[in-house]
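I opened this notebook to keep track of what I looked up in one model, in the order in which I looked. The entries go from the chain as a whole to single pairs of side chains.

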Amino acid sequence: MRQVPRTRRRGRLMARGRAVPRRTCVGCRICTTKSDLLRLVVVEGSVVPDPRGRLPGRGASLHPDLACLELAERRRAFPRAFRRAGPLEVRTLRQWLESQQDGS
């Protein structure tokens with residue numbers, strides 16, 4: 001059962017006649033354009049944001065929203081998305097998202 005209200009599908013699927021890359025948010029499971037999502041990677045057992053998309057390693061995508069982060073934590077989506085055993089630390093990611101929402 002869905003706990004968070006549905007977000008509308010964001011982004012365009014075509015840009016100037018070309019296909020745009022699509023990714024699925026690990027929190028709400030909505031498939032949208034890559035540019036609307038935040039890339040995440042694991043660094044030393046901690047999930048960190050990768051806004052520039054340059055860090056090495058397996059990535060996962062998440063809407064830059066605390067509601068999607070809470071959904072992902074509740075569903076235990078991060079260990080599955082990163083193919084890692086055990087829980088992962090999300091404190092750094094939570095602080096980054098809070099600072100982004102406070103700044104806007």
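**Entry 1, the chain as a whole.** I noted at the outset that this is a predicted model. I then went through the secondary structure and found three helices and seven strands in the chain, arranged along the sequence as β-β-β-β-β-β-β-α-α-α. I also looked up burial, and of the 104 residues of the chain 33% count as buried. For the contacts with a separation of 6 or more, I found that 51% are accounted for by residues 24 or more positions apart.

How many salt bridges does the structure hold? I found three, and I took them one at a time.

In one of them, Asp50 pairs with Arg39, and the closest N and O atoms are 2.6 Å apart. Asp50 sits in the loop between β6 (46–49) and β7 (60–62), whereas Arg39 belongs to strand β5 (residues 38–43), so this pair ties together parts that are 11 residues apart in sequence. I checked the accessibility of both partners: Asp50 has a relative accessibility of 5% and therefore counts as buried, since the cut-off is under 20%, while Arg39, at 23%, counts as partly exposed.

Another salt bridge joins the side chains of Arg94 and Glu73, with 2.4 Å from N to O. I placed Arg94 in helix α3 (residues 91–103) and Glu73 in helix α1 (residues 66–75), so that the pair ties together parts 21 residues apart in sequence. Arg94 is partly exposed with a relative accessible area of 23%, and Glu73 is also partly exposed, at 31% relative accessibility.

The remaining entry on my list is the salt bridge between the side chains of Glu89 and Arg91, at 3.6 Å from N to O. Here Glu89 is partly exposed, with a relative accessible area of 36%, but Arg91 is exposed, with a relative accessible area of 54%.

Two packed helices are described by the angle between their axes and the distance between the axes, so I looked up both values. The axes of α1 and α3 come within 10 Å and cross at roughly 160 degrees; because angles over 145 degrees count as roughly antiparallel, α1 and α3 are roughly antiparallel to each other. I recorded the crossing of α1 past α3 as left-handed. On the α1 side the contact is made by Leu66, Leu69, Glu70 and Glu73, and on the α3 side by Leu93, Arg94, Leu97, Glu98 and Gln101. Sorted by class, the contact of α1 with α3 has four nonpolar, one polar and four charged residues.

Which residues of α1 are buried? I listed Leu66, Cys68, Leu69, Leu71 and Ala72. The buried residues of α1 pack against β7, α2 (77–82) and α3. Last, I looked at the backbone just after α1, where Arg76 takes a positive phi of about 55 degrees.

Notes
Residues numbered from 1 in each chain as written. Predicted model: local features only at pLDDT ≥ 70, side-chain atom pairs only at ≥ 80, totals over all residues. Heavy atoms only, no water. Salt bridge = Lys/Arg side-chain N within 4 Å of Asp/Glu carboxyl O. Helix = DSSP H or I, 4+ residues; strand = E, 2+ residues; numbered from the N terminus. Buried < 20%, exposed > 50% of the residue type's maximum accessible area, 1.4 Å probe, protein only. Axes fitted to C-alpha atoms, helices over the stretch in contact; angles between N-to-C directions. Parallel < 35°, antiparallel > 145°, perpendicular 65-115°, else oblique. Left-handed = near helix turned anticlockwise from the far one by under 90°. Contact = heavy atoms within 4.5 Å. Nonpolar A, V, L, I, M, F, W, Y, C, P; charged D, E, K, R; others polar.
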